[in-house]
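Thanks for making the time this morning.

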Amino acid sequence: MQFSLNPKMMFGLSFAVPAEIADKHLKLAGAAQLKVLLWLLRHAAEAPTSEDISKALNMKHADACDAMQYWIEAGIVIADGKEAEVEEMPSYAVEQPAQIQTELAQMMPIKPSSEQIAKRAKEDSEIHFMFEQAQKKLGRTIGYDSQATLLMICDTYGLPVEVLLMLIEYCVSVNKRSISYIAKAAKDWGEREIDSLEKADEQIRLLRRCDGLWKKFCAMTGISTPHPTSEQSAHLRRWSNELGFDIEMIYLAYEEMANHTNKISFAYMNKVLQNWHDEGIKTPAQLEKSKAEKKAETKTKAKPKPGSGYAASYDIDEFNRRSLNEPPIYKPNGD
């Protein structure tokens, strides 16, 4: 069956819908999120408030705010005249944002209804506790969409409530309060089986170490980006945790990269640090010693060896002395 718009509708009152919404967000946004956005697009000139939206759509105010938060985080909607910062992927994830969002939608295609959520919270004291604590940690009331996502995180990724709350607390501490960010982080934890308080504590320790490395790296290099990309974070984690390099050696790799390319390339730095690791170089002193040895070896190889066939058959010093002290003698042709 094929579909087309009724021509009569084309000449009636209409409003614009950004193409990005249809191209990117139809698969990801829920019914409530699409509903509030369509209403906002229709009444955008009126600068409506969240109360206006919830009243017009007969939604709870918390649910309307929660649904609108999706569009604020996506950069489609601006709240109170302030554009929200586009949040990066969790610093421990290596996939691209679009890929993660698609996978998230595929793994959690059906959200529980508000009635199902209420029933679970009533029957399961841990779920009720999770909703209460999540609101306290996030500093806001969470509506239907957020409650549904948190519940699905527990059910789909197998994260215990106490582990999820630890994750939320960490995300808040690095100013990443959106439910979508928390869901992506939870997916990563679930896949890597971070399902106990001990494992969560160790993971958070590693994350904070990575955050600290990035701040020091920015201070040393003059980079002003507040947060690393997912790829940069993955490299920092590997250099620090797997290869055992400190920030000083990472900076020396940055200088090595800067001497050969005009743009920042963490891939180039990774090759440099991998080579140093393979050679057993761990400190600046060891690096200087290695460079000196290689320089001496290069000079030795460049110097001709006796009997190699390349030694001069004359005394160069004697030639230079005579050239300076004895006048040249010119002989007529034929002599």
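In which loop does Asn 58 lie? Asn 58 lies in the loop between α4 and α5 (61-73), where helices are DSSP runs of H or I with at least four residues, strands are runs of E with at least two, and both are numbered from the N terminus. Before I go on, please keep in mind that this is a predicted model, in which local features need pLDDT of at least 70 and side-chain atom pairs count only at pLDDT 80 or more, while totals for chains, interfaces and linings use all residues. Residues are numbered from 1 along each chain as its sequence is written, and side-chain values use heavy atoms, with hydrogens and water left out.

Back to the loop, then. Asn 58 has a positive phi of about 55 degrees although it is not a glycine, and Asn 58 is exposed, with a relative accessible area of 73%; here buried means under 20% relative accessible area, exposed means over 50%, and partly exposed is what falls in between, with a 1.4 Å probe and protein chains only. Ala 47, in the loop between α3 (31-42) and α4 (50-56), likewise is not a glycine and has a positive phi, of about 50 degrees, and at 58% relative accessibility Ala 47 counts as exposed. As background, most residues other than glycine have a negative phi.

Now the chain as a whole. The chain has 17 helices and zero strands, and of its 335 residues, 36% count as buried. The accessible surface comes to about 21500 Å², of which 53% belongs to carbon and sulfur atoms; the areas come from the Shrake-Rupley method with a 1.4 Å probe, and for residues only the protein chains shown count as cover. If we take contacts, meaning heavy atoms within 4.5 Å, between residues at least 6 apart in sequence, then 68% of them join residues at least 24 apart.

Leaving aside its neighbours within four places in sequence, Leu 164 is in contact with Met 130, Leu 150, Ile 153, Cys 154 and Ile 182.

Helix α10 itself (residues 161-173) has 13 residues and reaches 18 Å from its first C-alpha to its last, close to the 18 Å expected at 1.5 Å a residue, the expected span being 1.5 Å times one less than the number of residues. Its buried residues include Val 161, Leu 167 and Tyr 170, and what covers the buried residues of α10 includes α8 (125-138), α9 (144-157), α11 (179-191) and α12 (197-221). After α10 comes Asn 175, whose phi is positive, near 60 degrees.

Helix α12 brings me to the aromatic rings. The 25 residues of α12 should span 36 Å at 1.5 Å a residue, and its end C-alpha atoms are 36 Å apart, which agrees. The structure holds six aromatic pairs, a pair being rings of Phe, Tyr or Trp (its six-membered ring) with centres within 6.5 Å, counted as stacked with planes under 30 degrees apart, edge-to-face over 60 and tilted for the rest. Trp 214 and Phe 217 form a tilted pair, 5.8 Å centre to centre with 35 degrees between the planes, and both lie in α12, three residues apart, about one turn of the helix.

Why does the pair of Phe 217 and Phe 266 count as edge-to-face? Their ring centres are 5.7 Å apart and their planes are at 75 degrees, so the pair is edge-to-face. Phe 217 lies in α12 and Phe 266 in α15 (residues 266-278), so the pair ties together parts that are 49 residues apart in sequence. Finally, Trp 214, Phe 217, Trp 239, Tyr 251, Tyr 254 and Phe 266 form one aromatic cluster.
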